[in-house]
Amino acid sequence: MKVLDIKNLGISFGGLRAVNEFNIEVGKGELYGLIGPNGAGKTTVFNILTGVYKPDSGIVKLNGEDITGRRTMDVNRAGVARTFQNIRLFQKLSVLDNVKVGLHNHYPYSTLEGIFRLPRYYKVEREMDQRALEILKVFEMDDEVEIDAMNLPYGKQRKLEIARAMATNPQLLLLDEPAAGMNPNETMELMETIKFVRDEFDMTILLIEHDMKLVAGICEKLTAINFGEILAQGETSEVLSDPGVIKAYLGE
């Protein structure tokens, strides 16, 4: 079953074709990688998927539903969650409250109920606390709930960002260079975390990454792009050994 199905995706900026005729299919439960040199168009693809940009052409389907050009909040509600290359946590909020932010679609109460602290407000807050704690326990961070996000080690901030994304109950998780800025030990831990998320939550994951050891270690399939166009697509070992991919990364 295809969780993500993109056909003929394209977008231009000021006459520059940033993504051209991009196609990809990601099956349920797959751990899929999107690779390419800097400026290849990878993050642009993610921005289209999450509603930051509207494409000039093409269709994006999630579980068969057309989500092309929807607003970011509507894409998230449809079942797509994302992390960023530069960590975007609420640094001065606690670990618990950062995860609770991800629950906002599933535990709503009105503005008036919040302002006047009506009974439903307290009920929903208790439910959110419980659910956030359950998620943090899965990520082995339940003993750090009161720590401000800014005081966590870098690797755990990455872990918290993934936990917050999982709180939105996604069907597809997009990871944008999750290993950026990590040392080798942190990268190894991250690899285990990503595998764990896929298996524990039965999650479908699409990731952008420059660390080829990480890519080779966890991705089952890859799409390699350069200048917005697909260079190679298929099994990880085949794509990484493709002459066009090697040339794009290393030059002549």
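Buried here means under 20% relative accessible area, exposed means over 50%, and partly exposed lies in between, with a 1.4 Å probe and protein chains only. Five of the five residues of strand 7 are buried, so the strand is largely enclosed by the rest of the structure. Strands (E, at least two residues) and helices (H or I, at least four) are DSSP runs, numbered from the N terminus.

Before moving on, keep in mind that this is a predicted model, where local features need pLDDT of at least 70 and side-chain atom pairs count only at pLDDT 80 or more, while totals for chains, interfaces and linings use all residues. Residues are numbered from 1 along each chain as its sequence is written, and side-chain values use heavy atoms, leaving out hydrogens and water.

Two strands pair if DSSP finds at least two bridges between them.

Strands 6 and 7 are parallel and share four bridges; look for T83 opposite L175 and A81 opposite L173. Strand 6 has its own two-sided pattern: V80 and R82 point one way, A81 and T83 the other, and all are buried. In a regular strand, side chains alternate between the two faces of the sheet.

Next come strands 7 and 8, parallel and joined by five bridges. Pick L174 and you'll find L206 as its bridge partner in strand 8. Trace the chain from strand 7 through helix 7 to strand 8 and you follow a right-handed β-α-β crossover; right-handed means that, with the strands pointing away from you, the path from the first strand over the helix to the second runs clockwise.

Further along, select strand 3 (residues 31-35) and strand 9 (residues 221-226), a parallel pair with four bridges. I35 sits opposite A224 there.

**The helices on the sheet**

Contact means heavy atoms within 4.5 Å.

**Into the core**

Which residues touch the most other members of the largest nonpolar core? Among its 45 residues, they are L160 and L173. A nonpolar core is a set of buried Ala, Val, Leu, Ile, Met, Phe, Trp, Tyr and Cys residues joined through side-chain atoms within 4.5 Å. Helix 6 gives the most to this core, with six residues. Colour the contacts of L173: not counting residues up to four places away in sequence, they are A81, I162, A165, M166, V197, M203, T204, I205 and L206. A second, separate core of 28 residues includes F22, V75, V80 and L206.

**Side stops**

Go to Q157 in helix 6. Buried or exposed? At 10% relative accessibility, Q157 counts as buried. A polar atom of its side chain lies 3.5 Å from the backbone oxygen of A149. Beyond its neighbours within four places in sequence, Q157 is in contact with I87, L89, Q91, A149, M150 and L152.

Now jump to F84, in the loop between strand 6 and helix 3 (95-101). Leaving out neighbours within four places in sequence, F84 is in contact with R158, E161 and D176. Its C-alpha atom is 9.7 Å from that of I162, 78 residues apart along the chain.

N169, in the loop between helix 6 and strand 7, is not a glycine but has a positive phi near 60 degrees; N169 is exposed, with a relative accessible area of 57%. E21, in strand 2 (residues 16-27), also has a positive phi, about 50 degrees, without being a glycine. At 41% relative accessibility, E21 counts as partly exposed.

Conventions. A polar contact is a pair of N or O atoms within 3.5 Å; within protein, one must be able to donate a hydrogen and the other to accept it, and residues adjacent in sequence count only if both atoms are side-chain atoms.
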